[in-house]
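Hi,

Here's the structure I promised to pass on. Have a look at it first, then read my notes below.

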Number of protein chains: 2
Amino acid sequence: MIEPHIIPARTGHAVALAAGGRIKVINTHGSQVVDTWALSADDASEYLSMEQTRRMLFKLGPERGDTLYSNRRNEMLVLEDDTAGVPHDTLIAACDEWVYEKYGFPPGHASCQDNFRKALAAVGIVAPATVPNPLNLWMNVPVSDNSRIALAAPLSRPGDHVTFRALMDTVMVFSACPADVLNVNGEDCIPRDVAVALLDEGEGA
Amino acid sequence: MIEPHIIPARTGHAVALAAGGRIKVINTHGSQVVDTWALSADDASEYLSMEQTRRMLFKLGPERGDTLYSNRRNEMLVLEDDTAGVPHDTLIAACDEWVYEKYGFPPGHASCQDNFRKALAAVGIVAPATVPNPLNLWMNVPVSDNSRIALAAPLSRPGDHVTFRALMDTVMVFSACPADVLNVNGEDCIPRDVAVALLDEGEGA
């Protein structure tokens with residue numbers, strides 16, 4: 001295992017993961033949501049799609065062992081290991097400049113959508129014009145009456161982790177969510193760092 | 001009311017709807033799903049967003065009286081009237097060329113994503129590179145155990161209708177879903193025509 005890379009609180013990180021490669025995402029402090037995307041390394045217009053993944057799994061959110069699909073209905077990732085025990089969120093958009101504006105912050109508050117663009121730019125990729133809906137690791141969106149949703153503090157604990165295995169050559173993007181308004185990143189509303197560790201670089205498609 | 005416009009089975013239709021305008025969508029035969037999008041008339045990168053609408057409503061799908069939001073978290077439409085009595089689907093992607101390929105059809109099967117692009121092209125608008133997740137009117141996606149979903153035949157009846165009121169200047173796009181594989185458009189798997197009627201053109205923003 002290569003030394004884990006720390007993703008500082010409120011920032012993003014992009015990493016290439018070839019087919020067969022595996023990457024572990026570690027919720028170091030336990031309460032941090034990590035917005036997660038994947039793009040095809042060959043064509044950034046193919047991306048990990050929550051609306052396709054729900055359709056293919058017949059689930060609102062993935063759990064350990066589930067395959068995750070692209071917007072072209074191709075198998076993209078496997079959620080190979082997962083200590084969460086509850087599904088991760090697929091329903092809620094990544095935070096963006098507009099939500100912080102609505103909450104009354106001055107311009108410049110970090111957001112997952114900005115982190116997505118900046119992390120891709122750092123590896124020389126122009127982000128798609130529209131930011132796909134991410135897989136929100138550990139985001140706690142309780143569903144009730146099979147129709148209502150809520151936002152709540154994560155149920156995860158320090159050291160909880162997931163491992164993705166790539167089924168195609170991908171670029172993965174992670175954002176340690178900067179939300180500090182509601183309790184989505186913990187009851188104290190303090191965004192924290194997380195870590196990613198490349199377990200296996202993969203051999204490529 | 002202006003004469004309703006018939007949207008033939010398997011095709012799409014785009015129509016400008018200024019702020020204050022109202023449009024009625026009629027499920028003529030009762031079993032037809034209508035994939036529905038809205039774009040800002042001023043900037044096609046602002047679009048009706050299911051992931052924002054769920055977040056703002058704290059619901060999996062909208063019902064009569066609900067406001068629908070854009071990806072910039074602006075109020076875009078009101079679902080002013082709705083005979084359905086059950087929420088419409090926001091969870092499932094529009095059908096596309098790839099799903100029909102997976103089902104073994106030769107290239108050229110109509111799809112909602114193609115209908116979206118073609119309908120916009122017909123009114124001189126270049127579609128966003130990524131097709132947003134539509135509001136799937138009358139699509140029956142039962143949720144169970146607050147976690148699982150299924151695809152089922154619509155519960156709607158002939159003449160069921162919804163009315164949208166625009167809260168900004170929009171271009172709306174409707175696709176009479178061409179799916180003929182599963183029972184999403186009725187137990188007989190036959191896509192059918194629907195109608196839209198402009199009730200009020202609006203005065204604009």
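Before anything else, one term: two residues are in contact when they have heavy atoms within 4.5 Å. With that in hand, 100% of the interface residues of chain A are also interface residues in chain B, so the copies meet through the same surface. The contact takes 36 residues from chain A and 36 residues from chain B.

A bit of housekeeping. This is a predicted model, where local features need pLDDT of at least 70 and side-chain atom pairs count only at pLDDT 80 or more, while totals for chains, interfaces and linings use all residues. Residues are numbered from 1 along each chain as its sequence is written, chains are lettered from A and ligands numbered from 1 in the order in which they are written, and side-chain values use heavy atoms, with hydrogens and water left out.

Now the interface. Between them, chain A and chain B bury about 3,200 Å² (the accessible area, with a 1.4 Å probe, that two parts lose on being put together, summed over both). Carbon and sulfur atoms account for 54% of that. The rule finds two salt bridges across the interface (a side-chain nitrogen of Lys or Arg within 4 Å of a carboxyl oxygen of Asp or Glu). In a salt bridge, the side chain of Asp96(A) meets that of Arg73(B), at 3.2 Å from N to O.

How are the two copies arranged?

Strands here are DSSP runs of E with at least two residues, helices are runs of H or I with at least four, and both are numbered from the N terminus. Two strands pair if DSSP finds at least two bridges between them. E3(A) runs antiparallel to strand E10 (residues 160-166) of chain A, joined by six bridges, and there Ile26(A) has His161(A) as its bridge partner. E3(A) also pairs with strand E12 (residues 194-200) of chain A, again antiparallel, over five bridges. In that pairing, Ile23(A) stands opposite Leu198(A).

Last stop: the whole structure has 24 salt bridges over all chains. One of them joins Arg117(A) to Asp114(A), with the closest N and O atoms 3.0 Å apart. Both residues lie in helix H3 (residues 112-122) of chain A, three residues apart, about one turn of the helix.

Cheers
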